[in-house]
Amino acid sequence: MRTRIASAPGLVLVLVVSTLFCAFSLWAYVRADGDGDLSYARARDDALGAARTHVARLSSMDGTHVAEGLRKWRESATGPLRDELERTRGKSAEVLKEEGTTTRGTVTDAAVTQLDERAGTAKVIAMVRVAVEPRRGEATTDRKRFEAGLARTADGWRLTSLQAVPAKAN
Amino acid sequence: MTDEAEARLPEQHPGEPEPEAAPAPARRWRRWSTLAPSLLSAVLLLASTLLTVLTAGLHDSPAAGNKALTDTAATDRVTGEIRSALGRILSYSPDSLAATERDAKTLLRGQAAKEYDALLASVRQRVTDQGLTLTTQVVRIGVSHLSGDTARLLAFLDQTTRRDGEKATAVPAQLSVTAELDGGHWRITKLKAR
């Protein structure tokens, strides 16, 4: 009984302190996790990462596997862009097979210019270097600048539009 | 808890309802009354440590460190200043060349300043001899990274060149820009053509 009398206040104190500490840690974690800025920042990085992947994919085509390439294009798109790709599917396949050109796009730099986290939409500008290998003739490198619209889907961010930004005519 | 201690207890506290020989269930209860709070405390402390580590992870994530777009005011400020800086240093005419160079001295730093000087040296002759005019307009600009006093941006430019008596032509150009905050103003430290 001596042991019990000696240790009881100590034990109670340790228990109270650890309970308080745990409650505080939980509160701090919940607060950090629900931080609006942090979730916005995550959405921004997710959108940018997705834009880089999908813009590169839509700038690439294996001239010997056109159907497969077009399927990848459609998978990178949603909404209006996907509808358009679906609509032009047959014609695109014909033209691309005829040409047989292989292109490989690499995004060299990109930035998010607009992000509406609640609506799940974003706008990204991206610079792409495209290696072009025609069936005949010499390989060339092309540079393209794009503005892409994105929307969040159940499978992550996908492109709703992809437009080249031309130099304004004077 | 020793047998000796238990045996002596009833004598010291005659009023306690403890049975004299402390049967097995009471002993077990006493052992648990020490063990359970200790275990609970250990579990709570472990959970606290885990939560603290997770919280630190959230705060230190690359997403949290990058204020591009999350800090709207700072983002607008850096895009506005770099947009204007690029327009100024990449626009010149025979009459404004000196002013452009003066602007560049304040707006550019480090590597960007050195490269710009070399670039300008190579066109200076043509600017005066051929009446060469360059006008640069930033058509799109975005911040990819912003933290404290450094920023990275991507800018799409339209550059219009005009020579005396010739028609103007606009060409697209793109720059990855690194900028540093110096004395309350953003200065370009690195330029990379894309």
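pLDDT is the predictor's confidence in each residue, from 0 to 100. This is a predicted model: local features need pLDDT of at least 70, side-chain atom pairs count only at pLDDT 80 or more, and totals for chains, interfaces and linings use all residues. Residues are numbered from 1 along each chain as its sequence is written, while chains are lettered from A and ligands numbered from 1 in the order in which they are written.

**View 1. How confident is the predictor in chain B and in the complex?**
Chain B averages a pLDDT of 86, and 89% of its residues score at least 70. Helices (H or I, at least four residues) and strands (E, at least two) are DSSP runs, numbered from the N terminus. Over residues 1-7 of chain B, pLDDT stays under 50, and the model has seven contacts for them beyond four places in sequence; a contact here means two residues whose C-beta atoms, placed from the backbone, lie within 7 Å. For the complex, the predictor gives an ipTM of 0.83 and a pTM of 0.79.

**View 2. Where chain B meets chain A.**
Chain A puts 42 residues into this contact and chain B puts in 43. On chain B's side, the elements giving two or more residues are helices H1 (3-12), H2 (24-60) and H3 (62-65), plus strands S1 (133-147), S2 (150-162) and S3 (169-182). H2(B) hands over the largest share of that side, 16 residues. Sorted by class, the chain B side has 24 nonpolar, 14 polar and five charged residues. Here Ala, Val, Leu, Ile, Met, Phe, Trp, Tyr, Cys and Pro count as nonpolar, Asp, Glu, Lys and Arg as charged, and the others, Gly among them, as polar.

**View 3. Helices H3 and H5 of chain A.**
Helix H3 (residues 66-75) and helix H5 (residues 89-99) of chain A pack with their axes 10 Å apart, at an angle of about 135 degrees. That makes H3(A) oblique to H5(A), given that angles under 35 degrees count as roughly parallel, over 145 as roughly antiparallel, 65 to 115 as roughly perpendicular and the rest as oblique. Axes are lines fitted to C-alpha atoms, for helices over the stretch in contact, and angles run from 0 to 180 degrees between N-to-C directions. Val66(A), Ala67(A) and Leu70(A) of H3(A) make the contact with Arg89(A), Ser92(A), Ala93(A), Leu96(A) and Lys97(A) of H5(A). That works out as five nonpolar, one polar and two charged residues.

**View 4. Helices H4 and H5 of chain B.**
The axes of H4(B) and helix H5 (residues 97-107) of chain B come within 9 Å and cross at roughly 145 degrees. From H4(B), Ala85(B), Arg88(B) and Ile89(B) meet Thr100(B), Asp103(B), Ala104(B) and Leu107(B) in H5(B). The tally for this contact is four nonpolar, one polar and two charged residues.

**View 5. The sheet of chain A, with helices packed on it.**
Four strands of chain A form an open sheet in the order S1-S2-S3-S4, with antiparallel pairing; two strands pair if DSSP finds at least two bridges between them. Strand S1 (102-116) and strand S4 (156-164) of chain A are at the edges with a single partner strand each, so one side of each is left without a neighbour in the sheet. From one strand to the next, the twist averages 30 degrees. Strand S3 (residues 140-153) of chain A and S4(A) run antiparallel and are joined by eight bridges. Across S1, strand S2 (121-133), S3 and S4 of chain A lies helix H2 (residues 36-58) of chain A, running at about 155 degrees to S1(A). Helix H4 (residues 79-87) of chain A also packs on the sheet, touching S3 and S4 of chain A, and its direction makes about 70 degrees with that of S4(A).
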